[in-house]
Amino acid sequence: MTDPRIERQWTTRLRKRVEGTFPPEKVLPDTQPSYVASWIYVFGVLTLAALVMVIATGCALAIMGPTWWHVSGLGHYINSTHLWSVEVFFFAMVIHLWGKYFMAAWRGGRSMTWMTGAVTFLTSIGAAFTGYLSQTNFDSQWIATQAKDGINATGAGSVFNVLNLGQMLMWHIVLLPLVALGLTAVHVILVRKRGVVPPFADVPEGVVA
Amino acid sequence: MVHPERFAALFNLSHPGHFISWGVLQVSYGNAVVIVLMVVAFVAALLLPFPGHRDKGGR
């Protein structure tokens, strides 16, 4: 007989809830439904792979600072790898988005999976924008001066000053990556919890998807 | 010793950008090419067979 005081502990309740929601065979499955054998399902994991490269190259750039790439061949190479992994990230993410949109991937209780993906997309746009502002070159100055009027017109300019390099760099390397990575983790966990959305034909008649 | 010329862009970027204008819409050639490539990749992903897949009639 288990001690009821132990049963009431938040650690016990949380562990049981996690064990019930995410059994190991669901978190790391051996097989996938046959309809997953399609190229369209590759773009989600390609987005994740690109994100790993974005974070890794970003961390390497952070070691030497935002102006390193102007004076170092290695820094320029890593900066370019950072840029091109972002290009692959958005390329794959948009195709992933198109695929999921036409599959109506929010069906079957997957609305939170869809919404976390959509908000991650918007967060990534902000991260890319602040990345452009952190280049420490004429391009970043041009983008900042062009963007300030639009940002100021929204009223957000008093707390989000695109002309402030220090602020934009911190948003780019701390705040937005934290949000994007957190949402990505929740998104992937939800995909594991609910499974991949089945094709329309696989939903039995009479079942509200 | 840094040799910046070794890392110069393959394409000459020292000129104003080229844009496609259509009414109020305006997109650079570079962005238009990327959008076309995304559409091509999307259609190819739907049509091309996935390698190594054998339908075993279930999951």
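Predicted model: local features only at pLDDT ≥ 70, side-chain atom pairs only at ≥ 80, totals over all residues.

Trainee: What is the mean pLDDT of chain A and of chain B?
Mentor: pLDDT is the predictor's confidence in each residue, from 0 to 100. Chain A has a mean of 92, with 96% of its residues at 70 or more. Chain B has a mean of 81, and 73% of its residues reach 70 or more.

Trainee: Which elements of chain A have the lowest and highest confidence?
Mentor: Elements here are DSSP runs numbered from the N terminus: helices (H or I) of at least four residues and strands (E) of at least two. Helix H3 (residues 24-27) of chain A is lowest, at a mean of 81, and helix H6 (residues 111-133) of chain A is highest, at 97.

Trainee: Why is H4(A) called roughly antiparallel to H8(A)?
Mentor: Angles run from 0 to 180 degrees between N-to-C directions of axes fitted to C-alpha atoms, for helices over the stretch in contact. The cut-offs are under 35 degrees for roughly parallel, over 145 for roughly antiparallel, 65 to 115 for roughly perpendicular, and oblique for the rest. Helix H4 (residues 42-64) of chain A and helix H8 (residues 165-194) of chain A cross at roughly 155°, their axes coming within 13 Å. So H4(A) is roughly antiparallel to H8(A).

Trainee: What makes the contact there?
Mentor: Contact means heavy atoms within 4.5 Å. Leu48(A), Leu51(A) and Ile55(A) of H4(A) meet Leu181(A), Thr184(A) and Val188(A) of H8(A).

Trainee: And why is H4(A) roughly antiparallel to H5(A)?
Mentor: H4(A) packs against helix H5 (residues 73-102) of chain A at about 155°, with the axes 8 Å apart. That angle therefore makes H4(A) roughly antiparallel to H5(A).

Trainee: Why are H6(A) and H7(A) called oblique?
Mentor: H6(A) and helix H7 (residues 138-154) of chain A pack at about 120°, with axes 7 Å apart. Therefore H6(A) and H7(A) are oblique to each other. In this contact, Phe129(A), Tyr132(A) and Leu133(A) of H6(A) meet Ser140(A), Ile143(A), Ala144(A) and Ala147(A) of H7(A).

Trainee: How much area is buried between chain A and chain B?
Mentor: Buried area is the accessible area (1.4 Å probe) that two parts lose on being put together, summed over both. Here that is about 1,600 Å², with carbon and sulfur atoms giving 77%. In chain A, Trp39(A), Phe91(A) and Trp98(A) lose the most area to chain B, together 34% of what that side buries. By contact, 20 residues of chain A meet 18 residues of chain B.

Conventions
Residues numbered from 1 in each chain as written. Chains lettered and ligands numbered in written order. Heavy atoms only, no water.
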